[in-house]
Amino acid sequence: MNIKSFKPWFIALLIILFTGTATIYADDTPKRENKLVIISPVEASRSIMPDMYVFSVSVSVISDSEGKALNLLGELDKKVRELGLRYKGGGYSVNKNCWWSENRQVCDGYKGHVYYLFEMKDPSKQNKVLQLLSNYKKESRGEIDISISNTTWKVSGKTIKKVEEALKFEVITNSIEFARKVGEQLKMACTINEINFQPRPTPVYPMYRTMLKEKSIEAPAPAKGERTVTVRAELKVLCR
């Protein structure tokens, strides 16, 4: 069939139909865009002076009866509260005093245990606690074992919370700047996808034992050095 035999209006209609079909196909094709995810650690730090002196006391008593062990711990707890110092803890336990000998368990009397964590602005006040423990050990009947640990300066919870809040905003600001610089280098539009803050690490303090025999006790105090507070996070940047 010769196309010249078609009328002009029919040829125009065919052109419109075919053109429309091509346009619809092009619109239905999904567009693919290049994406890049960058993961990087980010942190902010600040050095501050500690404002709280801390030390912990662990006391164990051994007696021939459970009631006597409880009374010994109760007398100590009352004297500690009378000092008027700030402390945490005071939880106690009393159990049979047992050990293994020649592949069998041997028990003799009862063993009690109590733990205190003292916090103070003035480290010289620790001498009041140590003197109390010394007198308690001399006056009490029974086997007394005293351990002292965690003697250090720290940043109080109120202060560290305030500093960490400021450092988190600094981390966010640094993250925005990092995303901007990455975008400039890659010639892409980069935005922050996630900022995951990491939990604060728990400090571990060494423990040492002390023998309280002196009539007048003046314990040493650690030097008050600066402490560094650091906030760490994992940053995810999305670039298109």
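Keep in mind that the model is predicted: local features need pLDDT of at least 70, side-chain atom pairs count only at pLDDT 80 or more, and totals for chains, interfaces and linings use all residues. Residues are numbered from 1 along each chain as its sequence is written, and side-chain values use heavy atoms, with hydrogens and water left out.

**The overall layout**

Of the 240 residues, 32% count as buried. Buried means under 20% relative accessible area, exposed means over 50%, and partly exposed is in between (1.4 Å probe, protein chains only). The chain has four helices and eight strands, in the order α-β-β-α-β-β-α-β-α-β-β-β. Helices (H or I, at least four residues) and strands (E, at least two) are DSSP runs, numbered from the N terminus.

How much of the contact count comes from residues 24 or more positions apart? Such pairs account for 85% of the contacts with a separation of 6 or more. A contact here means heavy atoms within 4.5 Å.

**Two sulfur bridges**

A search of the whole structure turns up two disulfides, a disulfide being a pair of cysteine sulfur atoms within 2.5 Å. With the bonded cysteines numbered in sequence order, the pairing reads 1-2, 3-4. Here they are:

| Disulfide | S to S distance | S-S torsion |
|---|---|---|
| Cys98–Cys107 | 1.9 Å | about 105° |
| Cys190–Cys239 | 2.0 Å | about 115° |

Why is the Cys98 and Cys107 disulfide called right-handed? The torsion about its S-S bond is about 105°, so it gets that label. The Cys190 and Cys239 disulfide is right-handed too, because its torsion is about 115°. Cys190 sits in strand β6 (residues 190–197) and Cys239 in strand β8 (residues 227–239), so this pair ties together parts that are 49 residues apart in sequence.

Are these cysteines buried or exposed? Cys98 is partly exposed at 28% relative accessible area, and Cys107 is partly exposed at 41%. Cys190, on the other hand, counts as buried at 16%, and Cys239 is buried at 0%.

**Rings that meet**

A pair of aromatic rings is described by the distance of the centres and the angle of the planes. Rings of Phe, Tyr and Trp (its six-membered ring) pair if their centres lie within 6.5 Å; planes under 30 degrees apart are stacked, over 60 edge-to-face, and the rest tilted. The structure holds six such pairs. In one of them, Phe55 and Phe118 are stacked, with 5.3 Å between centres and 20° between planes. That pair links distant parts of the chain, as Phe55 is in strand β2 (residues 52–63) and Phe118 in strand β4 (residues 104–120), 63 residues apart. Phe55 is buried at 0% relative accessible area, and Phe118 is buried at 1%. Phe118 also pairs with Tyr116: the centres are 6.1 Å apart and the planes at 35°, so this pair is tilted. Ring pairs link Tyr53, Phe55, Tyr87, Tyr116, Phe118 and Trp153 into a cluster.

**The nonpolar cores**

In soluble globular proteins, nonpolar side chains tend to be buried together. A nonpolar core is a set of buried Ala, Val, Leu, Ile, Met, Phe, Trp, Tyr and Cys residues joined through side-chain atoms within 4.5 Å. The largest core has 26 residues, and Val57, Val59 and Phe118 touch the most other members. Each of β2, α2 (66–82), β4, α3 (126–139) and β5 (143–154) supplies at least two residues of this core. Apart from it lies another core, of 18 residues, including Ile48, Val171, Ala179 and Val237.

Which residues does Val59 contact, leaving aside neighbours within four places in sequence? Among them are Leu76, Val114, Leu133, Tyr136 and Ile146.

Most residues other than glycine have a negative phi. Asn150 has a positive phi, near 60°; this residue lies in strand β5 and is buried at 15% relative accessible area. Lys187 also has a positive phi, about 60°. Lys187 is in the loop between α4 (157–186) and β6, and is exposed at 74%.
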